[in-house]
Amino acid sequence: MPLGKRLALEDLFGDSPRSSTVPTTTDILVPETLVKKQTADAQATANAAAKQLALKKEKRVKRREIFNRARRYHAEYISAERKEIALRRQAKANGNFYVPAQPKLLLVVRIRGINNIPPKPRKVLQLLRLLQINSATFVKANKATLSMLQLVQPYVTYGTPNLKTVRELVYKRGYAKINNQRIPIHDNSVIEQSLAKYNVMCVEDLIHELVTVGPHFKQVNNFLWPFKLSNPNGGWRTRKLNHFIEGGEQGDRAEFINSLVQSMN
């Protein structure tokens, strides 16, 4: 091919770098809107990463705090139990009888339905939030509540729950009342959102406030939806409507409420 014709073809198809009309990267001007978008996206990514890191650190600190609280509560429960045993042994060694303190917490379980209930007991059951059969709720033991329980004694059974019963009820049957809705307690954040102002941040705080009947017992108890229990294993007694000491189910059963509730849980 003649040289002149080859040079003409190179100029035509751009094989010669001197005659190339394709702009380089430095020659292309990026639109200002695209530059702004890229800058904003980079800033948003950095902010999201920083926020995620801060949230992770906060969760780590909160988790450590919850663990320390649970360990402190466990030590408190063990200390109270050992103190009770020591007082019993001391009284026995001195030839006396040890009389424990009056219970501060009661667990009330409804054992009858809605048929043939007079207006006054019906209203008391509403105040106790026992609207269904086999529902249960915690009550602070004082003169007012004991008088109310006397009015509804044929329809409920109650007693003094121990730590094991309270813990199993909250962990297995515990639901929160948020905006009049029954919300499962699937995470400590559910408790913290509603009770953080009362220094209740986790389930163990909730249990401790109930067991010790603390200063915020009312708020914590109202936060919990009434427990919905099943029928006890093996069923009720033959004469359920008799008093407990007469072979029935109703009325005060003291510490024997624990075996009943654990069979219903």
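Two exercises with worked solutions follow.

This is a predicted model, in which local features need pLDDT of at least 70, side-chain atom pairs count only at pLDDT 80 or more, and totals for chains, interfaces and linings use all residues. Residues are numbered from 1 along each chain as its sequence is written, and side-chain values use heavy atoms, with hydrogens and water left out.

**Exercise 1.** Find which residues have the most contacts inside the largest nonpolar core.

Solution.
- Step 1. A nonpolar core is a set of buried Ala, Val, Leu, Ile, Met, Phe, Trp, Tyr and Cys residues joined through side-chain atoms within 4.5 Å. Buried means under 20% relative accessible area, exposed over 50%, and partly exposed in between (1.4 Å probe, protein chains only).
- Step 2. The largest core has 33 residues, and Phe138, Leu206 and Phe223 have the most contacts inside it.
- Step 3. Another core, apart from this one, has 13 residues, including Leu128 and Val156.
- Step 4. Contact means heavy atoms within 4.5 Å. Beyond its neighbours within four places in sequence, Phe138 touches residues including Leu105, Val166 and Phe227.

**Exercise 2.** State whether Arg129 and Asn180 are buried or exposed.

Solution.
- Step 1. Helices (H or I, at least four residues) and strands (E, at least two) are DSSP runs, numbered from the N terminus.
- Step 2. Arg129 is in the loop between helix H3 (119-127) and E2, with a positive phi near 65 degrees. Its relative accessibility is 19%, so Arg129 counts as buried.
- Step 3. Asn180 is in the loop between strand E4 (175-178) and strand E5 (181-184), with a positive phi of about 60 degrees. Its relative accessibility is 66%, so Asn180 counts as exposed.
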